[in-house]
Amino acid sequence: MHAAILTLLARESTHGCELVNRLARLRMFHGRKPDPTGVYRLIRHMGQEGLVRSRLTPSPSGCGKTTLLRLAAGLDRPTRGSVYVGGDLVDGPRQGIGFVSQDPALSFESARGA
């Protein structure tokens, strides 16, 4: 499956769900969707080997970018499952991870008189 993933990613970058759907269209899967968890594990392994890399890219509002970052920083808890960063379970706020919200919750002004 390494070759199939690399071939699809060579054509264009894509997100995990779409990659699983594209893999399902290949003859080797006979129209059946591969196990997404297995695909994600393989992609993670391929990333450790330096074959693929992931990145957050600008996406439409409401698609989960901030939620993902808040989960990774331990600021929110998942409703199901677990979150791991670097192989470590995230069970609360983590040291060494910075997070700046896209919404200005704190503003600054000059401490000097105008």
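Which residues of helix 3 are buried? In this predicted model, local features rest on pLDDT of at least 70 and side-chain atom pairs on pLDDT 80 or more, while totals for chains, interfaces and linings use all residues. Residues are numbered from 1 along each chain as its sequence is written, and side-chain values use heavy atoms, with hydrogens and water left out.

The buried residues of helix 3 are V39, L42 and M46 (buried is under 20% relative accessible area, exposed over 50%, partly exposed in between, with a 1.4 Å probe and protein chains only; helices are DSSP runs of H or I with at least four residues, numbered from the N terminus). Viewed down the helix axis, the buried residues fall within an arc of 65° and so line one face of helix 3, the arc being that of the directions from the axis to the C-beta atoms. On the other side, R41, R44 and Q48 are exposed.

V39, L42 and M46 also belong to the largest nonpolar core, which has 11 residues, including I5, L8, L19 and F29 (such a core is a set of buried Ala, Val, Leu, Ile, Met, Phe, Trp, Tyr and Cys residues joined through side-chain atoms within 4.5 Å). Helix 1 (2–11), helix 2 (16–24) and helix 3 each supply at least two residues of this core.

Turning to charged pairs, the structure holds one salt bridge (a side-chain nitrogen of Lys or Arg within 4 Å of a carboxyl oxygen of Asp or Glu). This bridge joins D76 to R70, with the closest N and O atoms 2.8 Å apart. D76 is partly exposed at 31% relative accessible area, and R70 is partly exposed at 27%.
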